[in-house]
Protein chains: 2
Amino acid sequence: MTMTFQQQARDAIRDSGGRITPQREILFDLLAHVENDIDADALFRLAAQQDPNISLPTVYRTLNTLEDADVIAAQYVSTDHERKVYRVNNRKNVFHFTCRRCGMVTPVTSKLVDQLRRELGSQIGADVVTLCMCAGGLCEDCRKEESGL
Amino acid sequence: MTMTFQQQARDAIRDSGGRITPQREILFDLLAHVENDIDADALFRLAAQQDPNISLPTVYRTLNTLEDADVIAAQYVSTDHERKVYRVNNRKNVFHFTCRRCGMVTPVTSKLVDQLRRELGSQIGADVVTLCMCAGGLCEDCRKEESGL
DNA sequence: TTAACTGCAAAGCCTTTGCTCGTGA
DNA sequence: TCACGAGCAAAGGCTTTGCAGTTAA
């Protein structure tokens, strides 16, 4: 019996004493349909199409609430991590490679990530909930171009 | 024949058309002797002990220059990545676990990291230079305390 | 000489916070 | 009813940038 993301979100928020508002429902819906990651600003702009009065602080507050409730997870993606992105809590093994020359971002995945999470957990006795990884370097094309210089 | 970090830094900067200033020499020396990671502000305060006139923008500019030249690498450490830390380019397998409850930061290491870097490289054909990882969750003590609630 | 660097001050950028009004339960 | 959430505006915190004077090469 699977619960929709929206239901999970509502439950998690209510469980922590929070309330369900129209703005939050909009955000739950958007998050449920987001392909991969989304940052606060992009989410805000999508939400604004449905409710032009929604505010950026509301988006941030809702994202933080959902993050605290472990319904979504935050990661950094871009070359410089300059902005957080959020993701529904599944497919935690996907992370990103950013080419430092052309800036292209490639999603990558590896079974080693789960292995790493487990190893890490037993190493320090902690409960490793989030494992944020960002890889950087030269992509195949840029490597060729640089060696051709 | 090993080169000191200071020499590497000087060479890399000169190779890219940069100049060696007294401020930069101070920073090279400090970086060479830093145990693990250091953030811009901490480096700035150390440098200020040697030259009270050194400025934070100079520290940032030098760090960025060294990062561009691959002499140092930048990573994020704290729970929210709110600040970059820099590290001399070795011991790349060390990363950090931050407890989201007490905020304690534990350095961890794993052979899987190198494995992951290689797997990643062959997966996308890229040259994976940096692999920044940040783990988060509950540390052993906090886990006990939370379950005892 | 002259392009690069420095220090200062200010701007940028993302995110959070204070405050007052509104509203879900 | 009333504590929690929304919007607005402003503050925070780290990092970068514009500018005019200075300096390495």
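Me: How many salt bridges over all chains?
Reply: The count comes to six salt bridges over all chains. Keep in mind that this is a predicted model.

Me: And how many across the interface of chain A and chain B?
Reply: Zero salt bridges are found across that interface.

Me: Then what does Arg45(A) meet in a salt bridge?
Reply: The side chain of Arg45(A) meets the side chain of Asp41(A). The N to O distance is 3.1 Å.

Me: Where do Arg45(A) and Asp41(A) lie?
Reply: Both are in helix α3 of chain A, residues 40–50. They sit four residues apart, which is about one turn of the helix.

Me: Back to the interface. How much do chain A and chain B bury between them?
Reply: About 3000 Å². Carbon and sulfur atoms carry 57% of it.

Me: Which residues in chain A lose the most area to chain B?
Reply: Leu112(A), Leu116(A) and Ile124(A). Together they make up 17% of what that side buries.

Me: How many residues does the contact take from each chain?
Reply: Chain A gives 37 residues, and chain B gives 37 residues.

Me: New topic, helix packing. At what angle do α2(A) and α4(A) pack?
Reply: About 65 degrees, with the axes 11 Å apart. Here α2 covers residues 22–33 of chain A and α4 covers residues 56–68 of chain A.

Me: Why call α2(A) and α4(A) roughly perpendicular?
Reply: Angles of 65 to 115 degrees count as roughly perpendicular, so α2(A) and α4(A) get that label. The crossing of α2(A) past α4(A) is right-handed.

Me: Which residues meet there, α2(A) against α4(A)?
Reply: On the α2(A) side, Gln23(A), Arg24(A), Leu27(A), Phe28(A) and Leu31(A). They meet α4(A) residues including Val59(A), Leu63(A) and Leu66(A). By class, the contact of α2(A) with α4(A) has six nonpolar, four polar and one charged.

Me: What about α1(A) with α2(A)? How do their axes cross?
Reply: Helix α1 of chain A, residues 5–15, crosses α2(A) at roughly 135 degrees. Their axes come within 9 Å. That makes α1(A) oblique to α2(A). The α1(A) crossing past α2(A) is right-handed.

Me: Which α1(A) residues meet α2(A)?
Reply: Phe5(A), Gln6(A), Ala9(A), Arg10(A) and Ile13(A). Among the α2(A) residues they meet are Arg24(A), Glu25(A), Phe28(A) and Asp29(A). The contact of α1(A) with α2(A) divides into six nonpolar, two polar and four charged residues.

Me: Over to chain B. How do the axes of α3(B) and α4(B) cross?
Reply: At roughly 120 degrees, and the axes come within 9 Å. In chain B, α3 is residues 40–50 and α4 is residues 56–68. α3(B) and α4(B) are therefore oblique to each other.

Me: Is the crossing of α3(B) and α4(B) left-handed or right-handed?
Reply: The α3(B) and α4(B) crossing is right-handed.

Me: Which residues in α3(B) and α4(B) meet?
Reply: Ala40(B), Asp41(B), Leu43(B) and Phe44(B) come from α3(B). Leu56(B), Val59(B), Tyr60(B) and Leu63(B) come from α4(B). The contact of α3(B) with α4(B) has seven nonpolar, no polar and one charged residues.

Definitions and conventions
Residues are numbered from 1 along each chain as its sequence is written. Chains are lettered from A and ligands numbered from 1 in the order in which they are written. This is a predicted model: local features need pLDDT of at least 70, side-chain atom pairs count only at pLDDT 80 or more; totals for chains, interfaces and linings use all residues. Side-chain values use heavy atoms; hydrogens and water are left out. Axes are lines fitted to C-alpha atoms, for helices over the stretch in contact, and angles run from 0 to 180 degrees between N-to-C directions. Helices (H or I, at least four residues) and strands (E, at least two) are DSSP runs, numbered from the N terminus. Angles under 35 degrees count as roughly parallel, over 145 as roughly antiparallel, 65 to 115 as roughly perpendicular and the rest as oblique. A crossing is left-handed if the near helix is turned anticlockwise from the far one by less than a right angle, and right-handed if clockwise. Contact means heavy atoms within 4.5 Å. Ala, Val, Leu, Ile, Met, Phe, Trp, Tyr, Cys and Pro count as nonpolar, Asp, Glu, Lys and Arg as charged, and the others, Gly among them, as polar. Buried area is the accessible area (1.4 Å probe) that two parts lose on being put together, summed over both. A salt bridge is a side-chain nitrogen of Lys or Arg within 4 Å of a carboxyl oxygen of Asp or Glu.
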